[in-house]
Amino acid sequence: MANVRTKRRRKQQSELNMTPLIDMVFILLIFFIVTTSFVKESGVEINRPVANTAVVNESTSLIIGITESNEVWIEGKIYDVRSVRGYMNRFLAETPEGAVVITADRECRSGLLIKVLDSCREAGATNLSVAARTPS
């Protein structure tokens with residue numbers, strides 16, 4: 001009889017209360033959801049030009065890359081300059097207040113950069129900027 005009571009006490013003492021652990025996991029999940037930014041990267045490495053007046057833009061939603069070989073990259077895919085406006089229409093429908101940064105290589109054609117800028121503006125993008133590096 002005493003042996004049965006001892007086994008019951010051991011079972012009761014060995015239970016682990018999981019409630020605080022689950023609470024902490026939910027708090028961490030909410031923290032990561034709130035603090036995560038969803039920036040759509042261009043998907044290509046760009047050698048940006050240097051500007052003395054360059055500032056950091058914290059509210060970027062989309063990065064469009066223009067490479068040295070005059071290719072337009074958005075989200076890891078090459079786009080024709082004529083299809084940038086259509087992409088921007090879809091992007092602005094999903095993210096109306098989205099900030100767009102155009103990252104152009106310092107060796108790309110300036111005419112292509114102007115065409116991409118123009119396509120973004122024609123699609124209705126108002127928060128546009130061109131990326132540059134600060135001198136180091």
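Strand 4, helix 4 and strand 5 make a right-handed β-α-β unit; right-handed means that, with the strands pointing away from the viewer, the path from the first strand over the helix to the second runs clockwise. Helices (H or I, at least four residues) and strands (E, at least two) are DSSP runs, numbered from the N terminus. The model is predicted: local features need pLDDT of at least 70, side-chain atom pairs count only at pLDDT 80 or more, and totals for chains, interfaces and linings use all residues. Residues are numbered from 1 along each chain as its sequence is written, and side-chain values use heavy atoms, with hydrogens and water left out.

**Strand 4 and its neighbours**

- Strand 4 pairs with strand 1 in the parallel sense over five bridges, where pairing requires at least two DSSP bridges between the strands.
- Gly-65 stands opposite Thr-103 of strand 4.
- Strand 4 also pairs with strand 5 (residues 128–130), in the parallel sense over three bridges, and there Ser-129 is the bridge partner of Val-101.
- Five of the five residues of strand 4 are buried (buried is under 20% relative accessible area, exposed over 50%, partly exposed in between; 1.4 Å probe, protein chains only).
- On one side of strand 4 the buried residues are Val-100, Ile-102 and Ala-104, and on the other Val-101 and Thr-103.

**Nonpolar core**

- The largest nonpolar core has 24 residues, of which Ile-64, Ile-66, Met-88, Ile-102, Val-116 and Cys-120 touch the most other members.
- Such a core is a set of buried Ala, Val, Leu, Ile, Met, Phe, Trp, Tyr and Cys residues joined through side-chain atoms within 4.5 Å.
- Helix 4 gives the largest share of this core, six residues.
- Ile-64 is in contact (heavy atoms within 4.5 Å) with residues including Trp-73, Met-88, Ile-102, Val-116 and Cys-120, not counting residues up to four places away in sequence.

**Arg-48**

- Arg-48 lies in the loop between helix 2 (19–35) and strand 1 and is partly exposed, at 30% relative accessible area.
- Beyond four places in sequence, Arg-48 touches Thr-103, Ala-104, Arg-106, Ala-131, Ala-132 and Arg-133.

**Salt bridges**

- There are two salt bridges, each defined as a side-chain nitrogen of Lys or Arg within 4 Å of a carboxyl oxygen of Asp or Glu.
- Arg-82 and Asp-80 form a salt bridge at 2.7 Å, N to O; Arg-82 is exposed at 71% and Asp-80 partly exposed at 37%.
- Arg-85 and Glu-122 form a salt bridge with their closest N and O atoms 3.5 Å apart, linking helix 3 to helix 4 across 37 residues.
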